[in-house]
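This report looks at how two chains meet. It then turns to confidence in the model.

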Amino acid sequence: MPKKKTDVLQGTLDLMVLQTLHALGPQHGYGIAMRIQQISDNMLELNQGTLYPALLRLEQNGWIRSEWGNSENNRRARYYSLTKTGRKQLAEETESWERFSGIMAKLLSSDS
Amino acid sequence: MPLLRKLMATFSRSHRDAELNEEIESHLAMLETAHISRGMPPDEARLAARRDFGGVEPTKQIYREQRGVAFLENLLQDLRLSLRSLRKTPGFASIAIASLAIGIGANTSMFSVVRALKFRTLPVPQPEELVQIRSFSPEYKTFAENFSYPFVTELARTQAFASTAGMFPTSAALYADNRTTQAPVELVTADYFRTLRIRPLLGRLLGPSDMRHPGSDAVCVISYSLWQSRFGGRSDIIGRPIKLSGIPFRIVGVTQKGFEGSVLYWPHDIQIPVSMTAQFMHDFPWQSANSTFLYLFARRHANMTIAATDARLKVVGPQVGARIRNPKNPDQTARWNRFSVMPASKGPGLMEDKSMQVFVLSGVVFLTLLIACTNIAGLLLARANSQERETAVQISLGAPQIRIIQRYLVESLLLAFLGGCVGFVASNWITRLFTYELQIEYLNPKLDVGMFLFSLAACFGTALMFGLIPGWQASRVNARFVGLRDQGSVRTTRRQSVFRKTLVSVQVALATVLLVGCALFLRSLQNIQTVKLGFDPHQVLLIDTDPSQAGRPEANSLAIYRRILERVRTLPGVEAATLGFGIPLSGQISNTSFWSSRMTSAKVPDRINASAMVADDFFRALRIPMLRGRDFNAADLRKGQSVIVNRAFVDYYRLGDRALGHRFQFESDQPAIEIIGIVANTKMQSVREENSPAMFFPITDDSRGSLELLVRPHGAAASLLPEIRRAVREVDPQTSITSETRLDEKIAAQSFDQRAIASLCSAFSGFALLLSCMGLYGIAAYSISRRTQEIGVRVALGALRRDVAALFLRESCWITALGLAAGIPAALALASLIQKLLFGIEPADPTTIAVSSVVLAGVCLLAAALPLRKAFSVDPAEALRGE
């Protein structure tokens, strides 16, 4: 049976991007999109274009910064990287996500 | 520089859009390449890439919205924070806003007034075509503005101008509706209205036909404002009979609204034909070529430039002069034969040129604006420094550089905006103050938008520059190196602090210039008010009456005047009473001229001498010392063959010991006149004049025209007035009093210009001083607040407060001293420009400069010492503890 594709939950895209940048280091938009798709085994229904407003928002909040550089095949691309604040934000959001999912799991598994 | 690029990108939308496009293209290309490498054909690969990406346009749209919204959100947040922080430091905020308001408001209103004064022209079509004609005598090196009636008419015939007009300003008692009031009147030639090209509102205007019968069928034209104010705008005004100085006239026209005569700041409400001059002015020979009494102006041909008109006049002028030459004195024309034209869009230039005063006032206001700007700069720099710690905290928490700069920018702009608003309101008030002081309400100056925007831009620019630079500097600080704990070690670069102190020195220098200027004007004013007049005007009453109305022949006026004089002399409160025309400094001008050769054998240039017609006891009434000879007696007052002159007259005409008893003739066919008395010099027509020759003629049985009653009371003038009124009524019930003034008050009013400038300058100097004090206070307060701990330690260790104070004041002393050192030479340099406005004082007057410097230094040091009081009041133990 083909696996069902899951929609990206609102608000979690930020966390995904931050984590990706943390894991991969500076990356351009295509790279981030590929990484997310790869990790999720292509199960995530991601419109790659939606990355860009998200990246802008993250940059406006000061969690990531961007710089123009050359990509692997010598193409001009914009590279994003985590800032110190971003690192902090990632840690906080990871923690609250884990807490939240833990509570949800408990809730859903309880029968009574 | 990445920062700059970021800044630019923030504000350049298309640039950002282009970048996004590039990024998306790059992404799509990479997707395409991936698909191709997996074996898809290129076109399919491209489509697949697009599918993977999702909608490009929607993405761009969401992106743009996100960017826009975020910018707005940030902006609002910055605004809110700025407002809050301004409210937390009300002192800083109010001083900054006040400085801005003063700079913007004062500047704007000054320029509104200047504009109204300078650029207003006569309310006639094509005022730039109007010119005034003058003649110049190379021998005497002066200009003459007055010409004779034959000259005017002959000049008109040469067609050198489109039309030519002559005008003589005077005033008359206007009798209508059983009331008599004074009204300013212009005697005008035939083409006066044609030259001005104005139209009548009602009826008609004067023209050549009205000049045809000299002395009879007198018609006149009145102004719109007179029609409204004096005649209540009544609809039957045309044809209405009135009396001017006892002579019956008929009103034939009302001029258009806004026209008040041919001279801009000197309204004349009535125009009458010059053919009535003889009746009006004591049988004055107005048709004689010797009577140069008319101001001459003309409208040049539209197709001739001023230069061409001037050239033409230089040719025809002497020709006309030769044609009307007085055969008895042919040299006259030769002496005054250099003619020239001057643009006269404000009318013939009779008024004293106010442009000098206006220039000075503008300079004053500009200086104030400069001081205000330096104040703002200093304040903003100090504030940025005090906020450095807060900024450092923000940076260490990860705020991007651009946000920090934005924060500073928003706060500076907010200040500038608030200052601009207050300044706008203030400028309305200040404009009203100016127009009241200069008494030009009728000009109704409108707010000069250009100047407002300029001042606003200047202040905005200053706020921007001095808000941005420290903001940028602060945002570059590496947060690691900023000691966040210890209040004292927030780093101020030495360069910054020197810059701020220099700013305050500059302020002090500018304030010095203003203060010295103000002091000079104040002393000049004092001089004018205490100048020796040569007579005593205190409590002296001037009473104008009009006995010539109600159809009485002129001869009876004199009889009535004499009876009034007799009666008033019997009043107990009267010390002395007399009659006169051309009483010194009363505003009534009377002149005599004759060829010097008739007076003396010494070769002296001809001149116009001030003169007056007086009754007996005149000199005693005004307390003018009689140096030699005697006053007029009854015989003199009947026959009029005597004259009294002043010392300057004797000296000018080199009469020496022969003066008393000297006899001369004005014209060879007239009886000889004898000098029977010599009096001390007095000012005659202006307080500022040098002592000039004057002649006093007796009022004789032949005298015509209006005379003023001059009364010196024993005590106060006010108490005598009701009795004088009763006396006049008893002598002749039909004679009414048209004005009652005090001579000393009238004279005081003449120094109005000086007073206006002095008071306005004082106001601005006050502002400047205040601003400088604020600047100094700010600097001192800042440096002291940073070292409160140090002060506490010193005091705790037993240092005398006096010594600690001296330590801190030394810095302020240096700043003030430097400011004075720069300001005094600047003040001297500028003062030499205003020399013409000063009276009785040199621009480099050492006392003035010394006093101003001391005052400035004192006030500044006081301002610097104030924060110390606060510092000393802090408990030393607390200070030691630190924050």
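## Salt bridges and polar contacts

B:Glu19 pairs with A:Arg78 in a salt bridge. Their closest N and O atoms lie 3.0 Å apart. The model is predicted, so side-chain atom pairs count only at pLDDT 80 or more. Between chain A and chain B, the count is three salt bridges.

Ten residue pairs are in polar contact across the interface of chain A and chain B, with both residues at pLDDT 80 or more.

## The chain A side

Four elements of chain A each supply at least two residues of the side that touches chain B: α2 (29–39), α3 (51–60), β5 (76–82) and α4 (84–109). The largest share comes from α3(A), with five residues.

By class, this side of chain A has ten nonpolar residues.

## Extent of the interface

Chain A brings 25 residues to the contact, and chain B brings 23 residues. The size of an interface is often given as the accessible area lost when the parts come together. Here chain A and chain B bury about 2,300 Å² between them. Carbon and sulfur atoms carry 54% of that area.

## Confidence

The model scores ipTM 0.83 and pTM 0.57. Chain B has a mean pLDDT of 80. In chain B, 84% of residues reach 70 or more.

One stretch of chain B scores under 50 in pLDDT: residues 479–491. For this stretch the model has 19 contacts beyond four places in sequence.

Notes. Residues are numbered from 1 along each chain as its sequence is written. Chains are lettered from A and ligands numbered from 1 in the order in which they are written. Side-chain values use heavy atoms; hydrogens and water are left out. pLDDT is the predictor's confidence in each residue, from 0 to 100. Contact means heavy atoms within 4.5 Å. Buried area is the accessible area (1.4 Å probe) that two parts lose on being put together, summed over both. A salt bridge is a side-chain nitrogen of Lys or Arg within 4 Å of a carboxyl oxygen of Asp or Glu. A polar contact is a pair of N or O atoms within 3.5 Å; within protein, one must be able to donate a hydrogen and the other to accept it, and residues adjacent in sequence count only if both atoms are side-chain atoms. Ala, Val, Leu, Ile, Met, Phe, Trp, Tyr, Cys and Pro count as nonpolar, Asp, Glu, Lys and Arg as charged, and the others, Gly among them, as polar.
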